[in-house]
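I opened the model today to look up a few local features. My notes are below the display.

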Amino acid sequence: MKSSKVINGAVLALFLVSCSNSEMKTETPESDSKVRIMTLDPGHFHAGLIHKSMYPVVDSTIYIFAPEGPELKDHLNRIASYNNREESPTAWNLEVYSGPDYLKKMISKKPGNVMMVAGKNDLKIDYILAAVENGIHVYADKPLVINPEGFQKLKKAFQIAAEKELLLYDIMTERFEITTLLQRELSMISDVFGELENGTPENPAITKESIHHFFKYVSGVPLIRPDWFFDVEKEGDGIVDVTTHLVDLIQWEAFPEVTLDTADVQMLSAKRWATKMTLEEFQKVTGKTAFPDFLQKAVKSNNLEVFSNGEMNYTLKGKHAKVSVIWNFQAPEGSADTHYSMMRGTKANLIIRQGKEENYRPALYVKLIGSDLATLEKAVKETLQANYPGIDLLKMPSGEYQVIVPDSYHNGHEAHFAQVTARFLEYYKSGKMPTWEVPNMITKYYTTILAREFALK
C-alpha cells in the first residue's frame, strides 16, 4: 500500500517517493464551484485524454486512486506528456494514492466532487454505484455496463443520482464529429431531407458501421493495451462496447431531443464473431510475452479469439436501424479507423464515408431524391453556414453532393474529449442535464445488452 504525491506529472515520484496516507488532501474548499476531479482506476487511455486540455472551472489538481501497476504508470506518463509538451502545455498537479483499497480510500477521503472512470468495464458499474451512493458526480467512459446484471445496477444508480441531484454522464465523443453534426442538422431540415424512412431489415432507415484496430497510435505514440482488454468478460463483447457510440448516434440523430423508452426498442437479430490474434500480435499490442492464464479459455489453435465484432438489427419507434462494429488487428499502411453512416429520408439520403477516397477522413454526402439543388443550397447557406462558416457544396461525378468542410472543423477523435468534457461542465454548472439524456442513456444500454443476449442465443 502506498500513497504518493506527483507534481506536474513527474511520474518518477510515484515510484521513488513514498508518503503517508494522510498526505492526500481531504479538506473541502469553502466554495464548491470548482470541479475537482477524482480519477479512479484509470485502465483505459481515455482517462488521460480528458486532461489533454485544461478548463477554467476545473481545479488544476487531479486526485488519482488506483492499484499499483503499469496502467497507472501509463496514465501518469500520458498526463506528464501533456504537461511537458512544447505547444500549449497543461499544468496539472497530481495527488496519487496507489494501493489495493483504492476505491475505499477515494470514498473515505473524497477530496473531489466528480469521479472520472475509464477502464475495466466489468467493475465500472460498481465504481459508479459507490460514487453516487456517497454523493459524488460521475463522468464515465463508455460502456457503463456490459451485461444484464450491470444494467440493473445502472438503473439503480440513475435512481440514486436523481434522488441526490447528482450527474451521471457517459462520454459520447462521437456527437462532436463535424460530419455527424452536419448530418444531424440536415436531417432536421424537412425541405431537404423530408422524413426518415421506416426502412426494412434489408434496407434500414439508419445505418451506423465502424471499423477499429487493436494496434494504433495515440498522441503520437504506439498504444499499449492492458491484457485484460482482450477478455470480453472484463472489456465486454464488441456488441456492447463501441456499439454504445453507434446506438447513441442513432437515437440522437433519428429522434433529436426526444425522450425515449425501452419499450421503443424491438430487437430483430444480432450476432457476434471473433478476431483472431497471434501471440506475436498480442506481444506487440500488450508488451506481454505470453497469453495470461485468464485468457487461455479464448486460445484456440495457438490464436487468441476475441469476440470484438458484432452486428444488431432493430427498430426504434418503428424505424429500422442497423449497427455494426468490426475490430481488426492493425490498419493497412496509410489507412485508419473508419466510420460509415446512412440516413435515408423521403427527399434525400445523407451518407458519411471515411474510406480511401476520403483519405480516411469522414466526409458527408447528400443524394437528392425528392428535393432539388436550390433547396439544398438554401439550407447550406441559411443554416449550416450560419452555424459553421465556410461550409460549402461540391457536386461529385456520382451525382451526389459532398458537403465541403474546412480543415479547422476536422479536429479529430482526441480533441472531442475536450468538447464533451466542456458539455459535461455546462451541465455541472447548471445542475441538470436535458430531460431526455437519462432516459435515453437507459434506452441505449438496454439496446446493447439486449443485442448481446440475442447474439449469445
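These entries cover a strand, a helix pair and some backbone geometry.

I worked from a predicted model throughout.

Strand S2. I started with S2, residues 37-40. Which side chains cover its two faces? Ile37 and Thr39 lie on one side, Met38 and Leu40 on the other, and all are buried. I then looked up the pairing. S2 runs parallel to S5 (residues 114-117), with four bridges between them, and I found Leu40 opposite Val117 of S5. S2 is also parallel to S3 (residues 61-66), joined by three bridges; there Met38 has Tyr63 as its bridge partner.

Helices H7 and H9. I took H7 as residues 178-187 and H9 as residues 243-254; their axes are 9 Å apart and the packing angle is about 35 degrees. On the H7 side I listed Thr180, Leu181, Gln183, Arg184 and Ser187, and on the H9 side Leu249, Trp252 and Glu253. Sorted by class, this contact has three nonpolar, three polar and two charged residues.

Backbone. I noted a cis peptide bond between Lys142 and Pro143, with omega about -15 degrees. Pro143 sits in the loop between S6 (137-140) and H6 (148-163).

Glu165 has a phi of about 55 degrees and lies in the loop between H6 and S7 (168-170).

Methods. Residues are numbered from 1 along each chain as its sequence is written. This is a predicted model: local features need pLDDT of at least 70, side-chain atom pairs count only at pLDDT 80 or more; totals for chains, interfaces and linings use all residues. Side-chain values use heavy atoms; hydrogens and water are left out. Axes are lines fitted to C-alpha atoms, for helices over the stretch in contact, and angles run from 0 to 180 degrees between N-to-C directions. Helices (H or I, at least four residues) and strands (E, at least two) are DSSP runs, numbered from the N terminus. Contact means heavy atoms within 4.5 Å. Ala, Val, Leu, Ile, Met, Phe, Trp, Tyr, Cys and Pro count as nonpolar, Asp, Glu, Lys and Arg as charged, and the others, Gly among them, as polar. Buried means under 20% relative accessible area, exposed over 50%, partly exposed in between (1.4 Å probe, protein chains only). Two strands pair if DSSP finds at least two bridges between them.
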